[in-house]
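Dear colleague,

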Amino acid sequence: MTRRSDPLPRRVRAFCRQLELRGTLVLCALSGGRDSMALLRVLSELGEEAGFRVAAAHFNHRLRPAADRDEAFVRDWCAGAGIPLTCGGGDAAAFARRAGVSLEDGARQLRYRFLEEAADRMGAAYIATAHHREDNAETVLLHLLRGAGPQGLGGIPPVRGRIIRPLLEASRAEIDGYVDRSGLPYVEDESNRDVRFTRNRLRLEILPLLEEIAPGCAGRIASAAALLREEDAHLRREAEALVPEAADGAVALTVPVLYGQDSPIRRRLVRTMGRRLGAELTRAQTEAVLSLRSGGCLDLPQGLCAVRKPRRLILKKRPLLPPPLVLREGVQSWGPWRITLCRSEGPGEEGPGRTVLRDTGGALTVTAWDGSGRLAVENGSRTIKRLFADAGIPVERRREHPLLLLGGKPAAVPGVAADFRLRPEPGEAALIITLLPEGAGRDYPQKGRRDE
């Protein structure tokens, strides 16, 4: 049992008082190193005082020859201490290759996925990790080098969801002192001294140099990060108050509300719109959205698009588009459209939802417009984009509007235009395609009302 006057238990006790822990289970991430062993020991002792239970979770990344030794160590120690332990493992290197991320990031993703799943199985209210003050300073410096904004420069939050970090205000020296005084066993991860990893180089070379230049800088960096987190959280709340919740997969802001703000708030409003739809926009994506002019449309990651109307900016989820479909005679469906194909002799009559093309013998395929292509007209040719505009098809609906390919080449945009060169002459074999929205008795094409 450690002394109550020891600075490390005092810090953890003060941190835990801010949380409702009585009667809960706290799952401690345990690598077997000094930091995590210190945290587990302090939490287990504090749990007896404060009425909460503690369990541990160890993830074997299978990256080092000594990884199995570390797992055996934590199994033995937890068994001796009477602390429930769950272990898991994964091939972090293979995962990083598949995901296209760095080895460090791949290992972190696998580890946190395991911790979340273990906490769900065990019914843990919180997951405690052993990040400390120097870890926080290293994170801030890494994010600064990558050009992060206020959120990234806020470093490691003490609480994020059910992840808690009771040692975040503790220094490495305080942790080392506690471990030494209590005679706590631990294992050393030899990869922590490999300066090929950026974080290790910051820890072993850069931060010690900065401490020589400005003693105590790690603590001041962490304090600055805490201030940035607080201010960032306030500005986020202000932005969220201006952005409505998503409805029918879309979020809209009026132009006066959006462009009546200063540039930093405008960027936050756009990012908040993205978060309402489950997406985190980068700064470049945010700026691209803000640069849209009236009538513009921008594809965004995670199935989103941004549409600028005269008086509104809209972020919306794009519907999932069906794959290209080679049409056969008869009735078939393609996404939300009902398509009927029959063969006859030209020229035939066009009408609502009906397109007539010369039968060249090539495969007739329906697909989504990809933003390119031209069709011949009587006096030359026009881009499909221009033909959409002339037909009054709203810009945000064009990518999901069907396009007919004949022999793999653009032949017609139903309800908009057909290639002039494919008009059948009298007596020629013709393809008659009727394409209407499923179950619709709606006008065709679907023109948008003017957004005033």
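Arg201 counts as partly exposed in this predicted model, with a relative accessibility of 47%. Its salt-bridge partner is Glu205, and the closest N and O atoms of the two are 2.8 Å apart; Glu205 is likewise partly exposed, at 35% relative accessibility. Both belong to helix 9 (residues 198-213), where they are separated by about one helical turn because they lie four residues apart.

In one of them, Arg181 pairs with Asp6, with 3.0 Å between the closest N and O atoms. This pair links distant parts of the chain, since Arg181 sits in helix 8 (residues 172-182) and Asp6 in the segment before helix 1 (7-17), 175 residues apart. Arg181 is partly exposed at 46% relative accessibility, whereas Asp6 is buried, at 5%.

In the other, Asp70 meets Arg64, and here the closest N and O atoms are 2.4 Å apart. Asp70 is buried, with a relative accessible area of 3%, and Arg64 also counts as buried, at 17%. These two residues are part of a network of salt bridges that also takes in Arg69 and Asp189.

Finally, there is an open sheet of four strands, antiparallel in its pairing, with the order 12-13-21-14. Its edge strands, each pairing on one side only, are strand 12 (330-334) and strand 14 (354-358).

Terms used
Residues numbered from 1 in each chain as written. Predicted model: local features only at pLDDT ≥ 70, side-chain atom pairs only at ≥ 80, totals over all residues. Heavy atoms only, no water. Pairing = 2+ DSSP bridges. Helix = DSSP H or I, 4+ residues; strand = E, 2+ residues; numbered from the N terminus. Salt bridge = Lys/Arg side-chain N within 4 Å of Asp/Glu carboxyl O. Buried < 20%, exposed > 50% of the residue type's maximum accessible area, 1.4 Å probe, protein only.
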